[in-house]
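Biologist: Please pick one part of this model and take me through it closely. I would like to follow the charged pairs and the packing of the helices step by step.

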Amino acid sequence: PRPASRNMYVNVDGAGERKPNDKAFKALLSLFDSESNEKLKLQLLSSFGRTDNKEGLKKLISVAKSDSSVEVRKQAASIIGRSKDPEAIKFMEDLLK
């Protein structure tokens with residue numbers, strides 16, 4: 001089954017604007033921390049990268065720095081590299097120094 005990322009957003013107005021569902025997002029963060037399946041972890045990282053939630057970026061940075069899997073660290077860094085968030089840009093600049 002797919003991770004619960006499809007439920008990570010909720011509609012908040014009639015215009016169809018979507019805002020992160022904090023409860024679902026926190027559940028995904030917790031799932032990542034307890035998961036050992038690398039493929040699922042990679043899918044969860046993609047979910048973190050598709051939100052404007054600062055906790056997602058913090059998680060990506062943490063994973064890029066210290067996950068035990070090289071593939072998971074590479075995926076996290078790749079996602080961070082596509083972000084326009086100033087914190088993400090600073091992390092990538094520091095990584096390249």
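Modeller: A salt bridge here is a side-chain nitrogen of Lys or Arg within 4 Å of a carboxyl oxygen of Asp or Glu. The model is predicted, and by this rule it has 7 salt bridges.

The side chains of Glu55 and Lys58 form a salt bridge, with 3.8 Å from N to O. Both residues belong to helix 3 and are 3 residues apart, about one turn of the helix. Glu55 has a relative accessibility of 39%, so it counts as partly exposed. Lys58, at 44%, is also classed as partly exposed.

Helix 5, residues 86-96, holds another pair. Lys90 and Asp94 are 4 residues apart in this helix, about one turn. Their side chains meet in a salt bridge of 2.8 Å, N to O. Lys90 has a relative accessible area of 48%, which means it is partly exposed. Asp94 is partly exposed because its value is 36%. Asp94 also forms a salt bridge with Lys97, at 3.7 Å from N to O. Lys97 counts as exposed, at 79% relative accessibility. Through shared partners, the salt bridges join Lys90, Asp94 and Lys97 into one network.

Now to the close look at helix 2. Two packed helices are described by the angle between their axes and the distance between those axes.

Take helix 4 as the partner. Helix 2 covers residues 38-49 and helix 4 covers residues 70-81; their axes come within 10 Å and cross at roughly 15°. At that angle, helix 2 is roughly parallel to helix 4, because angles under 35 degrees are counted that way. The crossing is right-handed. On the helix 2 side, the contact uses Glu38, Lys41, Leu42, Leu45, Ser46 and Gly49; on the helix 4 side, it uses Glu71, Val72, Gln75, Ala76 and Ile79. Sorted by class, the residues in this contact are 5 nonpolar, 3 polar and 3 charged.

Next is helix 3, residues 54-66. Helix 2 and helix 3 have axes 8 Å apart and pack at an angle of about 135°. This angle makes helix 2 oblique to helix 3. Here the crossing is left-handed. Leu45, Phe48 and Gly49 of helix 2 touch Gly56, Lys59, Leu60 and Val63 of helix 3. The classes for this contact are 4 nonpolar, 2 polar and 1 charged.

Helix 1 contributes Phe25, Leu28, Leu29, Leu31 and Phe32, while helix 2 contributes Leu40, Lys41, Leu44, Leu45 and Phe48. The contact has 9 nonpolar residues, no polar ones and 1 charged one.

Leu45 takes part in the contact with helix 4, in the contact with helix 3 and in the contact with helix 1. Lys41 is listed against helix 4 and against helix 1. Phe48 meets helix 3 and helix 1, and Gly49 meets helix 4 and helix 3.

Methods:
Residues are numbered from 1 along each chain as its sequence is written. This is a predicted model: local features need pLDDT of at least 70, side-chain atom pairs count only at pLDDT 80 or more; totals for chains, interfaces and linings use all residues. Side-chain values use heavy atoms; hydrogens and water are left out. Axes are lines fitted to C-alpha atoms, for helices over the stretch in contact, and angles run from 0 to 180 degrees between N-to-C directions. Helices (H or I, at least four residues) and strands (E, at least two) are DSSP runs, numbered from the N terminus. Angles under 35 degrees count as roughly parallel, over 145 as roughly antiparallel, 65 to 115 as roughly perpendicular and the rest as oblique. A crossing is left-handed if the near helix is turned anticlockwise from the far one by less than a right angle, and right-handed if clockwise. Contact means heavy atoms within 4.5 Å. Ala, Val, Leu, Ile, Met, Phe, Trp, Tyr, Cys and Pro count as nonpolar, Asp, Glu, Lys and Arg as charged, and the others, Gly among them, as polar. Buried means under 20% relative accessible area, exposed over 50%, partly exposed in between (1.4 Å probe, protein chains only).
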